[in-house]
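The following paragraphs lead the reader through a protein model. Please keep the sequence and the structure in view while reading.

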Amino acid sequence: MHDTPPLTLRRIEAPALVAGVRDAVWISSDGEVETVPLTEAKRRLGGQRLPLVCHAKATAKRLGGGVFRALDLLELFAFVRPAVFCLPTPRGLAAALDLPMPGTHEEEAVTLHGAAGTLLAEVARDQEAKRVAWTMAQGGWPWGPLVLGVLRAGDTPHSQTMTEGFRVWNRLGEWADFNPEPPDGQWPVEPVEARARLVKLLGGDAEKRPQQAEYAAAASAAFRPRDKAGEPNIVLAEAGTGVGKTLGYIAPASVWAEKNKGPVWISTFTRNLQRQLDAELDRLWPDPVEKARRAVVRKGRENHLCLLNLEEAVNRLPVTEGTGAVALGLMARWAAATRDGDMVGGDFPAWLADLLGRSLTTDLTDTRGECIYSACTHYRKCFIEKTVRRARRAEIVVANHALVMVQAALGGGEEGMLPTRYVFDEGHHVFDAADAAFSAHLTGMETADLRRWLLGAEEGARSRSRGLKARAEDLLADDPKAMEALDEALRAARALPGPGWHARMRGGTPVGPAEGFLARVRQQVYARSDDAASPYNLETPTRPPVEGLVEAGDALDVALDRLSGPLRVLIRALTGVLDREAAELDSASRMRIESVCRTLERRGLMQVEGWRSMLRAFHEEVPEDFIDWFGVERIAGHDFDLGLHRHWVDPTRPFAAAVLEPAHGALITSATLRAHGPETDAGNWDAARLRTGVAHVNAQVHCQSVASPFDYAAQTRVLVVTDVNRNVPEQVAAAFRELFLASGGGALGLFTAIQRLKAVYGRIAPVLDEAGLTLLAQHVDELDTGTLIDIFRAEENTCLLGTDAVRDGVDVPGRSLRLIVFDRVPWPRPDILFKSRRAALGGRAYEEALTRLKLKQAYGRLIRRGSDHGVFVMLDRALPSRLATAFPEDVEVIRLGLKEAAALIREFL
């Protein structure tokens, strides 16, 4: 908690600017309030006094683009209250600082002055901030003089220590190591124990929810002892919205962990649910210290700040304006306050990366896989190493599907062993997560990334990458053969695409065998594509190949063979060190060698051999379990990546083999495990077994369905608008406008194409703004999707436009979400991968099941509480009646015109 600052605050002598969609509010330094055109507001930015703003980049975009200097309140908030949540809006600042909540743009501008005074009064009591603020001021931070003024920081630090405040690693504590944990116990969880724990979690005064108790009792079957190796106890549990499945599975999971002194890994697909789980665990362990010991949120290295990357960035810092001192100062403040260094979904504000750029914020994570482990000077303070060790001793580990699958495929990964008990929430996404985890891509980006991982930064490249030689040379220095293999591997890596490969692809001047192969791939894709000028991704089958492509593939295969041989030698050499020096190696050195071996195997050898297998398919048949194709990935009509792709036809097969089969028990749960349709009935679990991989395991499977307690027939309406032509942008935009106005906000618009989203936004934003409704939009606003959803959740009359995928991150109870509008039926994209799966996995029934699940998921977002009411609208009159089984049986699907739909919404909401 923060102390309440004094109520009498010195007014900041600066104008304040809030830009709307149609015009802007400008409060001059002497307090005069004006509403001015956006062009006039932009002209005034050249004045002597910098304006107060909230999110300078978003403001600049509203003003027509460009960059301007300003006193951004978000930067000041991140400095004064690092690692503390705040929505990046004036209303968000008001809520975080306990200021009066603004309702108009004029009141928002007044809020900026109040927020500035409050934050400056608060930082005046934080003398630890002085040295960081001085260096940031020297680097041109607009807030620098004001912050130093309230800190009374008149003395100039000695030149040798002027970045000392940024060296946060000197002030962090070290982690402690522990002996390995003994094997898990095997005691079961009885249904009565699960029910009793649930009662304790809910508290004595909680509302009786028999469905939740029924769910918790059924989930306990996943925690029985396994009777045969390879035959886990699996529970498929479909729990309708409102059942309370999160606490329903935490109850038996926590009982099992306590009784058996072992961890239960709870896996989710979205970061939003991870945050929700983390909050729910407060009920189990209200004491933060105890919770930190018994529960951990486990993510991959690419999510956590790397202290070595931060140090190297600070060491390159000349303290002159525009060199990154502002970004690194705010990073240092956050690093000193963060719980666990998690920059993706943790306590790092995502909007800070939007403001300051990613190179000196989120790119300081270990995104390159270049960790040097115990050779790093910060190893004993490393955020990820702390988290890994906590996870080894925790009772509940919250992770994501991708990490769980990768760890299992690698035999335990950094934890060194696989958990025996899993809970997969958002189980309807297991198929998609497995598809991403077990696919292979021989593309320009992937091959260039391997070259960079092996060689490090090359001459002329803007990179701080450390190559394999820098990471492992000291481990191999006493082995001449290993050093020779290291040199051979680095020479062979030069066959992969080097810096500038994108331009060479466009210019038709490839260099080396990898670029030669990719150039032939690009030729085939463009030659066979129906619309090569499309802004979207392009793809084509691999057969028949264009002239020269097979020969180019053979040349690349030979080059990859020259790389895989030395990598094998290096792995054997490092394994030999573990054997020969077993008596002398300390734990840190042993773990470092094991980690280097693991990354050589995973990032190097496994990837290279996978690519070689794909190339050999030009002389053989593609294995029947796989699908291969060529593709060009595009962003805004420009080529971003290209190459050869391979996916499993059914990716749940490797998931079942790597994760489910070795486990002792697993609960796979969701509100939408089954897709009811004309071909199935409510009691049919076949589709759920296939989509979750359970069909591929010889398991003891218990299927349980718990109905939602909500009265959907009374609380919702489902409408299909029949007089809007989905192919006419003006009609679609008019429909969104009228429906959003009818609901008075609290509306979510879902699109199946980004272009259509942007077109609708441009047409309706000014009208909604005039009506006092804020319109947010993915791919339009300068904010990440998670932040957009946070704002939408917090502000009752805001509207949000997003792609179909946004629905997965939306958990918005109350009136903040009372209307969902789909622009058209979300059929699967008819690409090569989908067509192959449709042919293999059920034809039209498979296609309709996927579409039905999307509709069911979106509809389920409407009602999160017993008091909620909402309307689901489909603007596509071609919605087949057979897809209506996506909605509850007692909810009528009403087909009507736009005028009638708007009137119904006004009356119902």
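Helices (H or I, at least four residues) and strands (E, at least two) are DSSP runs, numbered from the N terminus. Residues are numbered from 1 along each chain as its sequence is written, and side-chain values use heavy atoms, with hydrogens and water left out. The model is predicted: local features need pLDDT of at least 70 and side-chain atom pairs count only at pLDDT 80 or more, while totals for chains, interfaces and linings use all residues.

Ala83 has a positive phi of about 65 degrees, although it is not a glycine. Most residues other than glycine have a negative phi, and most peptide bonds are trans. Lys261, also not a glycine, has a positive phi of about 55 degrees. This lysine, Lys261, lies in the loop between helix 10 (245–260) and strand 7 (264–268). Lys261 counts as exposed because its relative accessibility is 63%; here buried means under 20% relative accessible area, exposed over 50%, and partly exposed in between (1.4 Å probe, protein chains only). Where is a cis peptide bond found? Such a bond joins Arg543 and Pro544, with omega about -10 degrees. Pro544 belongs to the loop between strand 12 (538–540) and helix 24 (549–580).

The whole chain may be considered next. The protein chain contains 34 helices and 23 strands, and its C-alpha atoms fill a box of roughly 75 × 75 × 65 Å along the principal axes. A compact globule of 909 residues would have a radius of gyration near 29 Å, and the chain, with 29 Å, agrees. This radius is taken over C-alpha atoms, and the globule rule is 2.2 Å times the number of residues to the power 0.38. Of the contacts between residues at least 6 apart in sequence, 75% join residues at least 24 apart, where contact means heavy atoms within 4.5 Å.

Buried residues make up 57% of the 909 residues. In soluble globular proteins, nonpolar side chains tend to be buried together. The largest nonpolar core has 99 residues, of which Leu73, Phe79, Trp143, Val147, Leu305 and Phe872 touch the most other members. A nonpolar core is a set of buried Ala, Val, Leu, Ile, Met, Phe, Trp, Tyr and Cys residues joined through side-chain atoms within 4.5 Å. A second, separate core of 55 residues includes Leu454, Ala472, Leu570 and Val632.

Leaving aside residues up to four places away in sequence, Trp143 touches several residues, among them Leu52, Leu71, Leu73 and Ala116. Ala325 lies in helix 14 and counts as buried because its relative accessibility is 1%. With the exclusion of residues up to four places away in sequence, Ala325 touches Thr135, Met136, Gly139, Phe166 and Leu317. By contrast, Gly149 in helix 7 (residues 144–151) counts as partly exposed because its relative accessibility is 47%. The C-alpha atoms of Gly149 and Ala124 are 8.7 Å apart, with the two residues 25 positions apart along the chain.

Finally, Phe640 lies in strand 14 (residues 638–648) and is partly exposed, with a relative accessible area of 37%.
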